[in-house]
Amino acid sequence: MDLSSINWLLLLASLMVAATPILLAGIGELVVEKAGVLNLGVEGMMITGAIAGFAMAVESGSPALGFVGAAAAGALLSMLFAVLTQFALANQVASGLALTLFGLGLSSLMGQSYVGLKPPSTPKLDIPLLSDIPVLGPVLFNHDLMVYVAIAIVAGTWAFLKYTRAGLTLRAVGENHEAAHALGYKVIAIRCAAIAFGGACAGLGGAYLSLVRVPQWTEGMTSGAGWIALALVVFASWRPWRVMIGAYLFGGITVLQLNLQAAGLKVPVEYLSMSPYIITIIVLVIMSSGRSRGALGAPASLGRTFHATG
Amino acid sequence: MKKRTLLKGAVAALALAATPAMAQDKTKVGFVYVGPVGDGGWTYEHDQGRKAVEAEFGGAVETVYVENVPEGPDAERVITQMALDGADLIFTTSFGYMDPTINVAAKFPDVKFEHATGYKTAPNVSVYSARFYEGRAVQGTIAGRMTESNVIGYIGSVPIPEVVRGINSAYIHAKKVNPDVQFKIVWVYEWFNPAKEADAAKVLIEQGADVILQHTDSTAPLAAAAEAGNVIGFGQASDMAEYKDGPRVSSIIDNWAPYYIARTKAVMDGTWESTNTWDGIGPGMVGIGEITDKVPAEVKAEAEALQASIASGEYHPFTGPIKKQDGSDWLAEGETADDGTLAGMNFYVEGLEGEIPQ
């Protein structure tokens, strides 16, 4: 084995890129779940965002418009889920799964004429002074804008939930929707807003895949990233910064295992390939053991249907 | 993901069932694909073959296909549905469809089956494959001459003999023209997963590779090479000509059309028999895509000369002396590998590092 052939700086830098799609989708889903809604349609919204963003960027020549379009498409698709679960009072798990199936089908239909095209490239920000810092510069400050947008969304979500009145209301709706309703909060409207935010974030995550990370459109290109984002929220015990840690951990191990393979580590490749999933499961188990379930921080009304009576 | 494939299977089955039962004299030919027809690589070329069959026979033949069929139980369902729906000839185009094809074939003795890249036959099952390793020899020669870092990255898909053969052939010929060359191999365990393929290519480039060879089906590694700048790659299974101005310097092209037309004709004439076809550059089943101007003229000439000598049968890419990775003798001076050994190849040749996942 020749570990010296691994460029650790580049590894750290590519870790941030590998983690961004699941980070975006994960933080969106966190807000949705904090409002007491379980939307399993993340994968479907991601892939719809991936093709919508790709199509928008190709047609307009602007990656920025692509990301905007992706967020809009993700939010739009999530409204389908909102109508089903909030107004028609459908089962959230079934509706979420249906949304994933629908999104996968819809995206391959939309993508028929976009196969094999190259999107306009998303420029990297060369932040003048910061990116010149040795070691830290190339690792932290030499990425495209979306990497920082993702971190900003995490920070914003954290501050919103912790310090604002609206954030408190949202959490109240997620903890006890009957009580929130009795206090006069519009449970359904708040939940719809949260679902739309979650959809927009998932759409952004998908577009990051098709516009930056791969970058091209191919059917089924999210290949399970949405499910990982869902697991991340649990892994993070519904805390924003932990979503980021989880995403970087998963992204890091994914990139690291390929690096170790290329460096010729004497461990069977099968173990390396499964390592991101194994380590995520192990951390999940460790974090959820030894404490009461309440301490995990799952919103008490998560997944329960709300119907205003009286 | 299971749900998704189930749904796709169901949709596919519906689509098949909905096809009106045309007049019985039409020959119906089915194709089962592992990826989308728009993958730009492996499945795309099989679909080109299907279109060629339609163009050749016009109204006398009807073709159907199902894409994105996972290797495994889903494949068996899709193939069964095709047979139930009256297909006379079914092409199953991925290695992992081998057992499903054999199982379904046993239930439908009157339907003819053709399985790509496998080795199990039955009275109504033929196998066919192309000698991609001949193309890999040409590719390896170009790669060995072109690399400046002497590190060549290889994205392996699934560790089966076909892929191992490709790695060995490329390595032998790269080493022949550049004794310092080193191969770094990454397995992604999938035929088609653009995000993973792109990650693998990026990692190999970060670790110093300036030539990327791939045995996966999408154009994502070429996109990654284009982004990195000073890296070249090759089209895999298809020409991938859209990257001609960028990293793609040549390609291995699978040309299935003549075979598909011949086999369809055989079914129509009633002369179909179970066969085992393994054709290479000579008969035209493997093509080498245009070598671009990025490659110096003398290297291009060398590669083309090698291609010609393989085509004429004068040179075999596995000609001794060749040792196995562990140092034991495999082929003596001047000896060439027999097809049996090649078909089951599960070892690296001397000089390659790492182990083949078992």
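Modeller: A residue is called buried here when its relative accessible area is under 20%. With that cut-off in hand, and keeping in mind that this is a predicted model, we can turn to strand β6 of chain B, which spans residues 151-156 and is mostly covered, since six of its six residues are buried. The side chains of this strand can be sorted by direction: B:V151, B:G153 and B:I155 point one way from β6(B), while B:I152, B:Y154 and B:G156 point the other way, and residues on both sides are buried.

The neighbours of the strand come next. Strand β7 of chain B, residues 182-187, runs parallel to β6(B) and is joined to it by six bridges; within this pairing, B:Y154 has B:I185 of β7(B) as its bridge partner. Between these two strands the chain passes through helix α6 of chain B, residues 161-177, and β6(B), the helix and β7(B) together make a right-handed β-α-β unit. A further partner of β6(B) is strand β8 of chain B, residues 211-214, and this pairing is also in the parallel sense, over four bridges. Here B:I152 is the residue that stands opposite B:V211 in β8(B).

Six of its seven residues are buried, so β10(B) is largely enclosed by the rest of the structure. Strand β9 of chain B, residues 232-237, pairs with β10(B) in the parallel sense over five bridges, and in that pairing B:F234 stands opposite B:S250. Strand β12 of chain B, residues 286-289, pairs with β10(B) in the antiparallel sense, over four bridges, with B:I253 standing opposite B:G287.

A pair of aromatic rings is described by the distance of the centres and the angle of the planes. Over all chains, the count comes to 24 aromatic pairs. One of them is formed by B:F31 and B:Y33, a tilted pair with 6.2 Å from centre to centre and 35 degrees between the planes. B:F31 counts as buried because its relative accessibility is 0%, and B:Y33 is likewise buried, with a relative accessible area of 0%. B:F31 also forms a tilted pair with B:Y260, with the centres 5.3 Å apart and 55 degrees between the planes. This second pair links distant parts of the chain, for B:F31 belongs to strand β1 of chain B, residues 27-32, whereas B:Y260 belongs to helix α9 of chain B, residues 257-269, and the two are 229 residues apart. B:Y260, at 0% relative accessibility, counts as buried.

The charged end of A:K118 sits over the ring of B:Y243, 4.7 Å from its centre, and B:K324 lies over the face of B:F347, at 4.5 Å from the ring centre.

Because its relative accessibility is 14%, B:S309 counts as buried, and, leaving aside residues up to four places away in sequence, it touches B:E314 and B:Y315.

Technical notes:
Residues numbered from 1 in each chain as written. Chains lettered and ligands numbered in written order. Predicted model: local features only at pLDDT ≥ 70, side-chain atom pairs only at ≥ 80, totals over all residues. Heavy atoms only, no water. Buried < 20%, exposed > 50% of the residue type's maximum accessible area, 1.4 Å probe, protein only. Pairing = 2+ DSSP bridges. Right-handed = clockwise from strand over helix to strand, strands pointing away. Contact = heavy atoms within 4.5 Å. Phe/Tyr/Trp six-rings, centres within 6.5 Å; stacked < 30°, edge-to-face > 60°. Lys NZ or Arg CZ within 6 Å of the ring centre and 35° of its normal.
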